[in-house]
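Begin with the surface, then follow the strands, and end with the charged pairs.

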Amino acid sequence: CGTGIESATVIDHLEINDLPLDGRLATQLVLIAVASVNVTGGDLTGRKQFFSSQAISVAGSQGNSLTFMLDGSDHNDPFSNVNLPFPFPDALREFSVSTSALPAQYGTHPGGAVNAVTLSGTNAFHGVLFEYWRNNIFNALGYFSVKDTLHRNQYGGTIGGPILHNKLFFFGGYQGTHNVQQAVSTSAKVPTPAMIAGDWSTYESASCVSSGKARQLKDPTTGQPYPNNQIPVSQYNSSTLKLLDYLPAASDSCGNVKYGILNNSDEWQSIGRVDWTISQRQSAFARYFIDDYGVPATYIPHNLLVSTQSGNQERAQTLTIGHTLVINSSTLNVMHGSFTRRRDDRLPAADGINGPAIGSNIYAHEKNSLRLSVPGNFSMSCSACAQGKF
């Protein structure tokens, strides 16, 4: 054991539900504690933490040095050292944040301790149904405000009650989240009809080149300038010409184009708990929680520029069992055991293309991912878009 000066902030069930949490993420309750702030992703290990995990500094600690616990058992993601997802607010009974010099039991992550406790059933049946809707039609906008493009629908419910009066109780809950967000406008440069026909004079003129200085193209085989930047179409590569079928049309003679990548997602949370009052001196419980999250990979046949965002399917599962025994008036024995599992499946769109699909004789392990970049112009796919299972 050990001693320490501990400062705790405790938030009960009513407060958890009444506080305005963005996305109904219980992790934001940590920020209510004194000297708690969000920090940058630099305190995260890699990019594969669960989508809702947050790096939070408490009293000057690193963002990944908090001890997270759910129902008294470890709730840290062992890959990134931040939190696993917490259940939605209607399934939580209590949420506490401890800061300052913690006791030795929290020595693994000494920045602070966060402990959430889930609800349990009682001798009476209780349940709730809920739906939360975020939409810009409900927003009062100032003259200079930017319109919110996020449409979020969160729905679900909970129910709890007795299985055997005074002995055995159950609690269960579900929350679904559907996010639809307008695509952010992105700029790129693609070949123009004139360039495809061999005339690069406008594209390489001072009015189109970002430096403001016209450029002279040269034949790579002879080193001689192309007269008036006219390139014989016979020198074009056949794979490049095939690639043009997958690019959007330029909006002007400089090849500029604007496009957007949808940012839609879905999440499903389910929780179940059983409590057993064995005797006046003994009690036990078991709780299972699962959180699934999905982002589809974007694919448009005539605009592969949107393929720079990979799809992602995430799952987090936790199972906790606990037993409490009152040995005598001064001795209490508490045992908690837990199992956690995290899965992160990253994948490109199923109907995408690869190099061989456009006639490029290169090896491609994936049949649906073409990673190609033309610096200063456009890109397709990305280094973090390759299929991976973690």
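Which residues form a negative surface patch? D12, E15, D18 and E94 do. Asp and Glu count as negative here, and Lys and Arg as positive; His and the chain ends are not counted. The place of a charge is taken as CG of Asp, CD of Glu, NZ of Lys or CZ of Arg. Patches take residues with over 30% relative accessible area and no salt bridge, joining like charges within 9 Å and nonpolar side chains (Val, Leu, Ile, Met, Phe, Trp, Tyr) within 5 Å. Accessible areas come from the Shrake-Rupley method with a 1.4 Å probe, and for residues only the protein chains shown count as cover.

This is a predicted model, in which local features need pLDDT of at least 70 and side-chain atom pairs count only at pLDDT 80 or more, while totals for chains, interfaces and linings use all residues. Residues are numbered from 1 along each chain as its sequence is written, and side-chain values use heavy atoms, with hydrogens and water left out.

D12 is found in strand β1, residues 7-12. Strands (E, at least two residues) and helices (H or I, at least four) are DSSP runs, numbered from the N terminus. D12 counts as partly exposed because its relative accessibility is 38%. The cut-offs are these: buried is under 20% relative accessible area, exposed is over 50%, and partly exposed is in between (1.4 Å probe, protein chains only).

Y288, L319, I321, M335 and F339 form it, with about 450 Å² of accessible area together. Two strands, β15 (311-328) and β16 (331-347), each supply at least two of its residues. Y288 lies in β14, residues 282-295. With 34% relative accessibility, Y288 counts as partly exposed.

Now follow these strands into their sheet. Strands of a sheet pair through backbone hydrogen bonds, either parallel or antiparallel. Here two strands pair if DSSP finds at least two bridges between them. An open sheet of 8 strands runs in the order β8-β9-β10-β13-β14-β15-β16-β19, with antiparallel pairing. Its edge strands are β8 (126-134) and β19 (388-389), each pairing on one side only.

Walk across the sheet from β9. Strand β9 (residues 150-164) joins β10 (residues 168-181) through 14 bridges, and the two run antiparallel. P162 stands opposite F169 in β10. The hairpin of β9 and β10 has 3 residues between the strands, and N166 there takes a positive phi near 65°. Next, 12 bridges join β10 to β13 (residues 265-277), again antiparallel. T177 has E267 in β13 as its bridge partner.

Further along, β14 and β15 run antiparallel and share 14 bridges. G294 stands opposite Q313 in β15. Q313 also has a bridge partner in β16, namely D345. The antiparallel pairing of β15 with β16 extends over 17 bridges. These two strands form a hairpin with 2 residues between them.

Charged pairs come next. Side chains of opposite charge can pair when their charged atoms come close. The structure holds 13 salt bridges, each a side-chain nitrogen of Lys or Arg within 4 Å of a carboxyl oxygen of Asp or Glu. In one of them, the side chains of R287 and D71 meet at 2.7 Å, N to O. R287 lies in β14 and D71 in the loop between β4 (66-70) and β5 (73-74), so the pair ties together parts that are 216 residues apart in sequence. Both residues, R287 and D71, are buried.

R273 forms a salt bridge with D275, the closest N and O atoms being 2.9 Å apart. R273 and D275 are both buried. D71, R273, D275 and R287 are linked in a network of salt bridges.

Another salt bridge joins the side chains of R215 and E204, at 2.6 Å from N to O. Both residues lie in the loop between α2 and α3, so the pair ties together parts that are 11 residues apart in sequence. R215 counts as partly exposed, because its relative accessibility is 42%. E204, at 4%, counts as buried.

One last stop is I231, in the loop between α2 (193-196) and α3 (238-243). I231 counts as buried at 13% relative accessibility. The C-alpha atoms of I231 and K218 are separated by 9.1 Å, and the two residues are 13 residues apart along the chain.
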